[in-house]
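Please look over the sequence and the three-dimensional structure shown here before reading on.

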Amino acid sequence: MINEEVRDAILKLNIENSAMDHIMKIGEGAWHNVYKIERKHEGELVLRIRKKESYGQLQEYNEIDLITEYESSKAYYHQANQTSFHICPLFFDYILEESLAFTVESFMGIGKKLQDISHSESFVIGGKLGRFFKGMHEKIPEIKGFGNIIWNGERLEGNIQQETNLIWQHDNDIYLSILNELTNSDLKFDRKKVVDKVVNIIDKRRKSPQKISLVNQDVTPENIIFGLENVSLIDPFPRLDFDLKYAGYVVFCYKFLLPAYSNAPRYRKHAYDQNSKIMSRIADGFIKGYIDNNEKLQHRLLEDYVLWVLLETHEHYETLNESELNAKTLQQMGDKEMIKNRLSLCLRELEKSI
Ligand SMILES: Nc1ncnc2c1ncn2[C@@H]1O[C@H](COP(=O)(O)OP(=O)(O)O)[C@@H](O)[C@H]1O
Ligand SMILES: [Mg+2]
């Protein structure tokens with residue numbers, strides 16, 4: 001199990017007391033092979049070795065992209081641990097070489113699998129996550145700007161540097177233009193109901209500007225360690241974007257998106273559809289933790305949930321209109337038949353009232 005790459009990484013780290021029999025593989029995502037290193041007098045560490053191949057494709061070594069990814073994780077962990085002690089690895093570092101790229105970080109334990117979490121536990125876990133995300137969103141990010149985070153050679157910054165109000169109005173405009181496109185399509189759905197709902201949401205939303213925060217775009221269960229006492233968050237994909245919008249995104253992922261994607265090749269092995277009740281309960285707990293008894297906030301959060309469904313509907317519609325699907329889309333979304341079926345799920349969800 002312990003291969004040349006792991007030996008190489010250990011040598012580079014110069015870790016003492018790390019006899020190779022104290023290293024074991026504990027996980028694997030799409031991008032990293034993950035090992036735990038036990039040390040004699042210090043805490044356990046995790047080594048995440050970058051795979052050379054992901055989703056069946058050889059990955060070119062791109063140093064700026066890797067610095068961007070790992071520096072973003074570091075920044076997220078730093079802010080997270082100021083918000084809620086030890087929810088993320090306290091220690092995080094990385095080494096980049098063309099032949100070997102890896103991170104080294106605190107071990108956050110082995111979590112429960114989704115199917116082993118009870119109904120009541122799910123709600124408590126969701127609550128903890130909700131309170132954490134609220135705290136995270138309330139902090140002023142150290143990284144300036146908006147949008148995708150990039151490494152500019154010296155530090156991280158958002159790829160959009162514009163006045164916040166302009167960004168906010170643009171964010172709202174996008175939903176209306178998407179709505180317009182869907183309304184003029186040949187799709188079958190209750191146009192009046194959907195248009196009234198979205199227009200009403202956007203009218204109100206424009207007048208309640210949200211705050212730019214450091215948000216996480218990858219909140220899948222594989223990146224959350226459901227411990228007995230604590231819940232931990234690893235492998236974030238941070239971005240600078242609006243707070244409530246991304247609270248809505250967590251709810252959207254757990255109540256709709258992940259179960260709906262469970263037939264796509266990329267997600268099939270996770271069988272989210274079989275755990276959709278647990279995931280939905282996690283989302284319920286999340287809402288409660290996030291809103292902290294503020295019913296107006298809950299309403300606005302659920303309105304942003306609707307907007308995520310609208311975006312997803314549009315993405316499916318556009319993808320279906322492409323003459324041929326590329327390998328990445330086939331992996332992530334499935335074939336045209338699956339996309340068509342999911343598009344109808346999206347439309348039915350849009351028609352529901354909130
Ligand atoms: N710091 C950590 N502590 C404990 N387990 C971890 C840690 N980092 C990763 N893992 C385990 O390894 C798995 C894959 O790691 P991850 O970093 O998410 O890989 P990828 O970047 O490929 O998605 C996780 O689902 C988790 O089980
Ligand atoms: Mg992961």
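What follows describes the surroundings of the ligand, then the cysteines, and lastly one serine. Please keep in mind throughout that this is a predicted model.

**The ligand and its shell**

Ligand 1 is surrounded by 20 residues, and the closest of these are W31, H32, R48, E222 and D235. Sorted by class, this shell has nine nonpolar residues, six polar residues and five charged residues.

| Residue | Part of the residue | Distance to an oxygen atom of ligand 1 |
|---|---|---|
| A30 | backbone N or O atom | 3.1 Å |
| W31 | polar backbone atom | 2.7 Å |
| D235 | N or O atom in the side chain | 2.9 Å |

On its own, ligand 1 has 550 Å² of accessible area, and the protein covers 88% of that area. Two or more residues of the shell come from each of the elements β1 (23-28), β2 (32-37), β3 (45-50) and β7 (100-106), and among the elements it is β1 that gives the most, with three residues.

**The cysteines**

How many disulfides does the structure hold? There are zero disulfides in the structure. C88 is in no disulfide, and the nearest cysteine sulfur to it, which belongs to C253, is 17 Å away. C346 is likewise in no disulfide, and here too the nearest cysteine sulfur is that of C253, at a distance of 13 Å.

Are these two cysteines, C88 and C346, buried or exposed? C88 has a relative accessibility of 0%, and therefore counts as buried, since a residue is called buried when its relative accessible area is under 20%. C346 also has a relative accessibility of 0%, so C346 counts as buried.

**A serine in a loop**

S262 is placed in the loop between α6 (243-260) and α7 (276-291). Although S262 is part of a loop, its relative accessibility is 7%, so S262 counts as buried. Which backbone atoms does the side chain of S262 reach? The side chain of S262 reaches the backbone oxygen of P259 at 2.6 Å, and it reaches the backbone nitrogen of D273 at 3.4 Å.

Key:
Residues are numbered from 1 along each chain as its sequence is written. Chains are lettered from A and ligands numbered from 1 in the order in which they are written. This is a predicted model: local features need pLDDT of at least 70, side-chain atom pairs count only at pLDDT 80 or more; totals for chains, interfaces and linings use all residues. Side-chain values use heavy atoms; hydrogens and water are left out. A residue is near a molecule or strand if one of its heavy atoms lies within 4 Å of it. A polar contact is a pair of N or O atoms within 3.5 Å; within protein, one must be able to donate a hydrogen and the other to accept it, and residues adjacent in sequence count only if both atoms are side-chain atoms. Accessible areas come from the Shrake-Rupley method with a 1.4 Å probe; for residues, only the protein chains shown count as cover. Helices (H or I, at least four residues) and strands (E, at least two) are DSSP runs, numbered from the N terminus. Ala, Val, Leu, Ile, Met, Phe, Trp, Tyr, Cys and Pro count as nonpolar, Asp, Glu, Lys and Arg as charged, and the others, Gly among them, as polar. A disulfide is a pair of cysteine sulfur atoms within 2.5 Å. Buried means under 20% relative accessible area, exposed over 50%, partly exposed in between (1.4 Å probe, protein chains only).
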